[in-house]
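Okay, everyone, thanks for coming. I've got one structure to walk through today, so let me put it up.

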Amino acid sequence: MDRTERILDLVALLLDAREPISWAELREHFPADYGGSDDAAERKFERDKAELVELGFPLSYVQGDDERRDGYLVDRNVYYLPEADLTKEELAVLYAAGSAALASGAFPGRDDLAHALRKIGFFAGESLPTPRVRMELGTGQQGQEKEVSARLEQLWDACSAHKWVQLTYGSPRKDGVTERRVDPYGLALRRGVWTLVGHCHLRQGLRTFHVHRIRELKVNTARPRTPDFEVPADFSLDAHVAYFPWQYRFHEPLEVTLQLTGPQASRAGSLFPGAALEPVSEGVVRARFPVTFLDGLTRFVLSLGQDCRVEGPPEARERLEQMAANILAKHAPVEEGPRVSA
């Protein structure tokens with residue numbers, strides 16, 4: 001029996017067991033593999049057990065008592081995921097989103113995503129039509145789908161295996177490129193742009209990198225089954241990759257209050273997700289939320305027109321007025337000087 005077949009049979013046996021399986025029983029079930037000398041059999045089983053643990057299989061050894069014997073046992077509560085109690089409508093939305101991501105041409109874990117979509121179609125109980133939608137990439141990635149897709153797969157594997165990467169990165173702020181060694185913590189897709197977040201050894205801290213700006217990428221292949229780093233327990237992608245322009249972390253959080261009127265009042269929840277909304281009167285809503293990039297917010301507020309204005313704090317109002325004045329000055333008509341007749 002080859003190793004892959006043995007591992008699969010071992011998993012099936014352990015999942016089917018209702019009580020711990022002793023080492024003696026394992027040797028009886030696999031006489032050709034674990035039936036040799038004690039030392040050789042134990043070494044082979046230790047390698048198999050290490051591979052199961054590496055694959056995320058929750059195998060543990062339990063010490064017996066009066067109610068059960070010693071042996072190996074699988075924690076089913078850890079192994080099996082809870083039921084996803086979704087309606088057919090929710091399954092359809094999930095299927096549409098997954099299909100759009102798969103059709104984008106640049107999505108990591110494409111095989112896993114395709115497998116998940118097949119499962120969704122099966123549990124829906126009926127054939128779900130493939131939606132004719134496609135997730136569009138940001139302008140920086142146009143024409144780079146193949147390169148971005150290949151790098152995403154490499155980064156996806158590096159994040160999963162906790163292996164550092166060496167990348168050649170083109171900064172948007174200066175000409176030329178820099179060489180970076182990065183411990184990749186995670187990938188995020190925001191508004192069509194893929195972003196890598198990880199510990200940069202050059203800058204000695206957490207940094208974000210747009211994947212389409214990576215010119216070259218190499219993953220550390222030494223000791224592939226040994227992680228190079230551990231992701232901090234308190235790490236969160238949302239803390240480093242912004243959904244909206246006012247969430248970029250350029251300054252300390254500042255609570256801003258907006259007043260939305262007319263058509264914008266009914267859209268307050270979708271325009272500013274997560275904001276605390278307070279109805280003021282008919283057709284008037286007040287929204288409060290933290291901002292870490294004031295210029296990003298003021299630009300967005302200006303784009304909404306007169307139906308959205310800043311109530312506070314004073315520095316937010318002043319910045320909005322200053323930005324509006326700069327726009328007016330830039331577009332003011334140029335006065336012609338007096339004409340001189342010949």
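This is a predicted model: local features need pLDDT of at least 70, side-chain atom pairs count only at pLDDT 80 or more; totals for chains, interfaces and linings use all residues.

I'll start with the whole chain and then go residue by residue.

For its overall dimensions, picture a box of roughly 110 × 50 × 40 Å along the principal axes, filled by the C-alpha atoms. The radius of gyration is 28 Å, whereas a compact globule of 342 residues would come in near 20 Å.

What about the inside? Out of 342 residues in the protein chain, 37% count as buried. And if you take contacts between residues at least 6 apart in sequence, 60% of them join residues at least 24 apart.

The accessible surface of the protein chain is about 21600 Å², and carbon and sulfur atoms account for 52% of that. As for charge, we have 43 positive and 52 negative charges, and their mean positions sit 8 Å apart.

How many disulfides does the structure hold? The count is 0. Take Cys-159, which is in no disulfide: the nearest cysteine sulfur belongs to Cys-200, and that is 15 Å away. Is Cys-159 buried or exposed? With a relative accessible area of 13%, Cys-159 is buried. Cys-308 is buried too, at 5%.

Let's move to a couple of helix residues. Ser-149 is in helix 8, which runs over residues 145–161. Ser-149 has a relative accessible area of 12% and counts as buried, because the cut-off for buried is under 20%. And what does Ser-149 touch, if we leave out residues up to four places away in sequence? The answer is Gly-105, Ala-106 and Arg-110.

Then there's Val-78, over in helix 5, residues 76–79. Val-78 is exposed, with a relative accessible area of 54%. If you want a distance to find on screen, the C-alpha atoms of Val-78 and Leu-59 are 10.0 Å apart, and the two residues are 19 positions apart along the chain.

Start with Gly-312 and Pro-313, which are joined by a cis peptide bond with omega at about 0°. Where does Pro-313 sit? You'll find Pro-313 in the loop between strand 11 (308–312) and helix 12 (314–330).

Next is Gln-204, which isn't a glycine but still has a positive phi of about 55°. Gln-204 is in the loop that links strand 5 (193–200) to strand 6 (205–210), and it is exposed, with a relative accessible area of 58%.

Finally, Arg-223. Here phi is near 45°, again positive in a residue other than glycine. Arg-223 falls in the loop between strand 7 (214–219) and strand 8 (254–261). Is Arg-223 buried or exposed? At 59% relative accessibility, Arg-223 counts as exposed.

So, if you jot down just a few things: 0 disulfides, a cis bond between Gly-312 and Pro-313, and positive phi values at Gln-204 and Arg-223.

Definitions and conventions
Residues are numbered from 1 along each chain as its sequence is written. Side-chain values use heavy atoms; hydrogens and water are left out. The radius of gyration is taken over C-alpha atoms; the globule rule is 2.2 Å times the number of residues to the power 0.38. Buried means under 20% relative accessible area, exposed over 50%, partly exposed in between (1.4 Å probe, protein chains only). Contact means heavy atoms within 4.5 Å. Accessible areas come from the Shrake-Rupley method with a 1.4 Å probe; for residues, only the protein chains shown count as cover. Lys and Arg count as positive and Asp and Glu as negative; His and the chain ends are not counted. The place of a charge is taken as NZ of Lys, CZ of Arg, CG of Asp or CD of Glu. A disulfide is a pair of cysteine sulfur atoms within 2.5 Å. Helices (H or I, at least four residues) and strands (E, at least two) are DSSP runs, numbered from the N terminus.
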